[in-house]
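My entries follow the order of looking up.

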Amino acid sequence: MLSLIYISWFFVITAGGIATLVDHSDHSYQPTLTLEERVSALETELVALKSKINEDNAIRRCECKDARNLEEDSECQHDEEKVAFYGYVSGDELGSGRQHIIDFDVIQINLGNGFHTLSGMFIAPHPGLYVFTWVIQSTWNGIAYTQLMRNSEVAGEIVADSSHTTEFHSATGVVVLQLNQGDEVYVRRNPNQPTSGHIISRPGYRSSFSGWKI
């Protein structure tokens, strides 16, 4: 082999002639990769990229699962705090005196088990904002004064007045209350007003009491 050297340049002379001209003064020189070497390097990078994508997807799946579990827990908690009830008087209330608590003895809905038929009272199982409505039917030539009570406080009043007619008249009251857990809400006859006749409750015109948490 014959080599010709000029300062920092050299020629590689082979039997077939000059093969390569190299600037050896550039210390950053990197030899050119063959096609096979480039393909191998790309395959290695692709494997690493796939591994990174799989790791990222696994993390996202875990985050989504945690979010779903949190949402399900929130929904379960929300379901546990749902409160609503509806009841009505099964028959006419005859001759009940003043301050008498109306007995809504047929309970069709009682989510949260807040309404107690033995006492006729709703006892708040959770604190919050509640809506209450009650409907009272009075017999002909009768009049019925009722109050919605929160503990010992009057929260609302209505009067069903059929005193001057031979028809049944009704009255409806709606009250929104902020309750603490354990507060009692119930409907009673107004102790300050005289009641004549009786409260009626028959198919088609029920005297009823309902409430729900909002």
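Is R202 buried, partly exposed or exposed? I looked it up in this predicted model. R202 has a relative accessible area of 27%, so I logged R202 as partly exposed.

Next I checked the partner of R202. Its side chain meets that of D92 in a salt bridge, at 2.7 Å from N to O. D92 sits in the loop between β4 (84-88) and β5 (106-111), and R202 in the loop between β13 (199-200) and β14 (208-213), so the pair ties together parts 110 residues apart in sequence. I read 28% relative accessibility for D92, which is therefore partly exposed.

How many salt bridges does a search of the whole structure find? I got 2. E153 and R150 also meet through their side chains in a salt bridge, at 3.1 Å, N to O. I noted E153 as partly exposed, at 40% relative accessibility. R150 comes out at 18%, and counts as buried because the cut-off is under 20%.

Then I turned to the core. The largest nonpolar core holds 24 residues. Among those with the most contacts inside it I listed F122, F132, W134, L148, L179, V185 and F209. Which elements give two or more residues to this core? I wrote down β8 (128-138), β9 (143-150), β10 (153-161), β11 (169-179) and β12 (184-189).

Last, I took V185 by itself. Leaving out residues up to four places away in sequence, V185 touches M121, F122, F132, L148, M149, L177, L179 and F209. As a general note, nonpolar side chains tend to be buried together in soluble globular proteins.

Technical notes: Residues numbered from 1 in each chain as written. Predicted model: local features only at pLDDT ≥ 70, side-chain atom pairs only at ≥ 80, totals over all residues. Heavy atoms only, no water. Core = buried A, V, L, I, M, F, W, Y, C linked by side-chain atoms within 4.5 Å. Buried < 20%, exposed > 50% of the residue type's maximum accessible area, 1.4 Å probe, protein only. Helix = DSSP H or I, 4+ residues; strand = E, 2+ residues; numbered from the N terminus. Contact = heavy atoms within 4.5 Å. Salt bridge = Lys/Arg side-chain N within 4 Å of Asp/Glu carboxyl O.
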